[in-house]
Amino acid sequence: MNGMTKKESYFSIDYLSRIPSLRHITGQTFLLILCMMASLLTVAYASGRERAQLYEPDLLLTTKLNNGMGMGDKDHARVRAMIQNYETKNAGVFTHLDGDGLVVFNYVVDELARRGLPLEIAFVPLVESGYRPNARNGQHIGLWQLGPAAAKTFGIQISQKSDGRLNFVRATEAALDYLEYLNRRFDGDWLLTLAAYNAGEGRVLRSMKKNRAAGKPVNFWNLDLPPITKAYIPRVLALSQLALEKQQLEVPVESIPEIIAVKSPNKKELLEAARRYGLKEHTIKYFNPSDFYTKDGASVMIMPKEIATLAYGAN
């Protein structure tokens, strides 16, 4: 884990500033250069990701979720009890997946599908942060509520100037790297993986060792874990099951905007371009709750790919 390097991938407009004679060219020539460069960048960088697969135009998000789920034990008594709890006492939990929240949710689903991971994991941020990229709980920050140690181990920059955990694109990459590591550590058992994500790898391993010594099963349901962790996995599984019945998620996948991370040396121009092409202030703040910078000091802004296309001429 340690010493790993991360390949940053952004739609970048920063090398316009490296053309020394740019100020002397005509507006028409400038537009042509911009379009050509943006076209190349779209191929090379795109949104920092590709769609995990090509979806049928009429494929619904609920169908996509159902096809990609792979965790078992959803008929366990503790999961059924949690489903009932959500239905009777916390029916509004899915309002976090309205509007901009749905865009981020679908981004996470795409990233999971691209890696071949079970789509139930997309409900971890719903439990962790209510799909709020700006969520803070002590030292745990962002969409995935990563602690500083795990974040730094998996390549996130944290400094006084910028906390990469508030960049949900980078946070998602790091969180999924972390989950994949844990899943290998726990021999492919996703319930133990999620328990370790919540309670810590060491805490789960100690409980497993204790059960083995006592001749008890070492599956998640039989481990002695903190109450919050005992409820954590049933919450994730219950939400993943309930989501398949939610009308608000029965939307065509192709109608949900795709996300792109745009890199630029000029933050002010980046914001002005986004606003000029219709990106609302509340969406800017939701996607970008803090200033984000790359290692070379350039600003990074997360926005719908359609807006970036309009603003920078990508085609």
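**Close-up views of a predicted model**

**View 1. Surroundings of Thr229.** Apart from neighbours within four places in sequence, Thr229 is in contact (heavy atoms within 4.5 Å) with Ala195, Asn198, Ala199 and Phe220. Thr229 lies in helix H10, residues 227-243; helices (H or I, at least four residues) and strands (E, at least two) are DSSP runs, numbered from the N terminus. With a relative accessible area of 0%, Thr229 is buried; buried means under 20% relative accessible area, exposed over 50% and partly exposed in between, with a 1.4 Å probe and protein chains only. This is a predicted model, in which local features need pLDDT of at least 70 and side-chain atom pairs count only at pLDDT 80 or more, while totals for chains, interfaces and linings use all residues. Residues are numbered from 1 along each chain as its sequence is written, and side-chain values use heavy atoms, with hydrogens and water left out.

**View 2. Strand E4 and its two sides.** Strand E4 spans residues 259-264 and is mostly covered, with six of its six residues buried. Ile259, Ala261 and Lys263 point one way, Ile260, Val262 and Ser264 point the other way, and all are buried. In a regular strand, side chains alternate between the two faces of the sheet.

**View 3. Pairing of E4 with E6.** E4 and strand E6 (residues 299-304) run antiparallel and are joined by six bridges; two strands pair if DSSP finds at least two bridges between them. Met301 in E6 is the bridge partner of Val262.

**View 4. Confidence along the chain.** The protein has a mean pLDDT (the predictor's confidence in each residue, from 0 to 100) of 84, and 81% of its residues reach 70 or more. Over residues 1-8 the pLDDT is below 50, and this stretch has 14 contacts in the model beyond near neighbours in sequence. Residues 13-54 also have pLDDT below 50, with 59 contacts in the model beyond near neighbours in sequence.
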